[in-house]
Amino acid sequence: MTQANNEKPILEIKNLNKKIDGQTVIDNIHFSIQKGDIYGFVGSNGAGKTTTLRMITRLIFANSGDIFIDGHSIKNDSILALSRVGSIIENPAFYLHLTAKQNLILSAKLAAVKVPKPRINEVLSIVDLKEAKDSKVKTFSLGMKQRLGIANALLCYPSLIILDEPTNGVDPCRLRMNIRHFY
Ligand SMILES: Nc1ncnc2c1ncn2[C@@H]1O[C@H](COP(=O)(O)OP(=O)(O)OP(=O)(O)O)[C@@H](O)[C@H]1O
Ligand SMILES: [Mg+2]
């Protein structure tokens, strides 16, 4: 979905390169995405989709090139750049012995921006986990964990949401019901 506007891009990738074990995995990619746009990466297994998303969220570093989030370089200004990014990269990781709500409270405490208390219940509602909020994550199904991951990604009112395989295990009815909350 593309909206034409003259604002600075929310995401700008400039000449990004990544080698893993001497093999070129990402070969000089560059693109930009405007606020409000929704894009999907399409490519065969091993094409480098997750590697690119891991670089955008600074879980791994590029060999060269840079990434700008809302104009901030993740190399030189990483805290500001990442402060408004919500993400799920592959499987979201949670403390299994804590409840859904306790996990989100912990995430909120660790966040670079202040998360108001009511936001926790708000994101749990968005992903339809309000009734299970006090259950330990170890009792959750795959789809429930994935939905908690989406709640976690939405916690800080992100300007940029990065979702790698967010629909793993999530039934289509729930996706249809709640997708409107993403934008
Ligand atoms: N930690 C790693 N060690 C070695 N090779 C890796 C590592 N991470 C990724 N690769 C390699 O980098 C390439 C890109 O992997 P990546 O996970 O980005 O692919 P993908 O497009 O996300 O694939 P999929 O559709 O299966 O999720 C693959 O050839 C993969 O084997
Ligand atoms: Mg992948």
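Modeller: This is a predicted model. Start with helix α1: six of its eight residues are buried, so α1 is largely enclosed by the rest of the structure.

Biologist: Which residues of α1 are buried?

Modeller: A residue counts as buried when its relative accessible area is under 20%. In α1 that applies to T50, T51, T52, L53, M55 and I56.

Biologist: What do the buried residues of α1 pack against?

Modeller: Their partners are the strands β1 (11-20), β2 (23-33), β3 (64-69) and β6 (160-163), together with helix α2 (78-82). Just after α1, R58 has a positive phi of about 60 degrees.

Biologist: Now the ligand. Which residues are around ligand 1?

Modeller: The list is I20, D21, V25, S44, N45, G46, A47, G48, K49, T50, T51 and E165. By class, three are nonpolar, six polar and three charged. Helix α1 (residues 49-56) gives the most to this shell, with three residues.

Biologist: How do I read polar contacts, and which polar side-chain atom lies 3.0 Å from an oxygen atom of ligand 1?

Modeller: Look for pairs of N or O atoms within 3.5 Å. The side-chain atom you ask about belongs to N45. A polar backbone atom of G48 is 2.9 Å from an oxygen atom of ligand 1. For K49, an N or O atom in the side chain is 2.8 Å from a ligand 1 oxygen.

Biologist: How much of ligand 1 does the protein bury?

Modeller: Compare the ligand alone with the ligand in place. Ligand 1 taken alone exposes 640 Å², and the protein buries 56% of that.

Definitions and conventions. Residues are numbered from 1 along each chain as its sequence is written. Chains are lettered from A and ligands numbered from 1 in the order in which they are written. This is a predicted model: local features need pLDDT of at least 70, side-chain atom pairs count only at pLDDT 80 or more; totals for chains, interfaces and linings use all residues. Side-chain values use heavy atoms; hydrogens and water are left out. A residue is near a molecule or strand if one of its heavy atoms lies within 4 Å of it. A polar contact is a pair of N or O atoms within 3.5 Å; within protein, one must be able to donate a hydrogen and the other to accept it, and residues adjacent in sequence count only if both atoms are side-chain atoms. Accessible areas come from the Shrake-Rupley method with a 1.4 Å probe; for residues, only the protein chains shown count as cover. Helices (H or I, at least four residues) and strands (E, at least two) are DSSP runs, numbered from the N terminus. Ala, Val, Leu, Ile, Met, Phe, Trp, Tyr, Cys and Pro count as nonpolar, Asp, Glu, Lys and Arg as charged, and the others, Gly among them, as polar. Buried means under 20% relative accessible area, exposed over 50%, partly exposed in between (1.4 Å probe, protein chains only). Contact means heavy atoms within 4.5 Å.
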